[in-house]
Amino acid sequence: MKTYLRALGALLCTTAIACADWVLVQKTNTDGQEKEMTTKIKGDLARVDIGSEMSAILSAEGMTVLMHAQKSSCGWMRAL
């Protein structure tokens, strides 16, 4: 009975991990300026925020780059 409960517990834990969203925060220091890059991954989509200047949305079909200062998009690049 204990083996069955342990196996069920392990299965539930791995199922929760497999469905999790990921958030990665990377801090860099270049020329005395500290910048933060945040990557958020959910399913087959990812969003990368580079400081407060720009963001990129990535998917299997391609990538869109958003420039915050101009409030515009740099276009859509298709994957080969």
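Tutor: Ground rules come before anything else. This is a predicted model, where local features need pLDDT of at least 70 and side-chain atom pairs count only at pLDDT 80 or more, while totals for chains, interfaces and linings use all residues. Residues are numbered from 1 along each chain as its sequence is written, and side-chain values use heavy atoms, with hydrogens and water left out.

Student: Where in the chain is confidence lowest, and where is it highest?

Tutor: The score to look at is pLDDT, the predictor's confidence in each residue, from 0 to 100. The chain has a mean of 77, with 69% of its residues at 70 or more. Helix H1 (residues 2-18) has the lowest confidence, at a mean of 62, and strand S3 (residues 45-50) the highest, at 90.

Student: How many helices and strands does the chain have?

Tutor: Both are DSSP runs, numbered from the N terminus: helices are H or I with at least four residues, strands are E with at least two. Here you get 1 helix and 6 strands, in the order α-β-β-β-β-β-β from the N terminus on.

Student: Is Lys-42 buried or exposed?

Tutor: Buried means under 20% relative accessible area, exposed over 50%, and partly exposed in between, using a 1.4 Å probe and protein chains only. Lys-42, in strand S2 (residues 33-42), has a relative accessible area of 57%, so it counts as exposed. Thr-39 is also placed in strand S2, but at 16% relative accessibility Thr-39 counts as buried. Across the 80 residues of the chain, 14% count as buried.

Student: Which residues does Thr-39 touch?

Tutor: A contact means heavy atoms within 4.5 Å. Leaving out residues up to four places away in sequence, Thr-39 touches Trp-22, Val-23, Leu-24, Arg-47 and Val-48.

Student: With which side chain does the side chain of Asp-49 make a polar contact?

Tutor: That's a pair of N or O atoms within 3.5 Å; within protein, one must be able to donate a hydrogen and the other to accept it, and residues adjacent in sequence count only if both atoms are side-chain atoms. For Asp-49, the partner is the side chain of Arg-47, at 2.8 Å.
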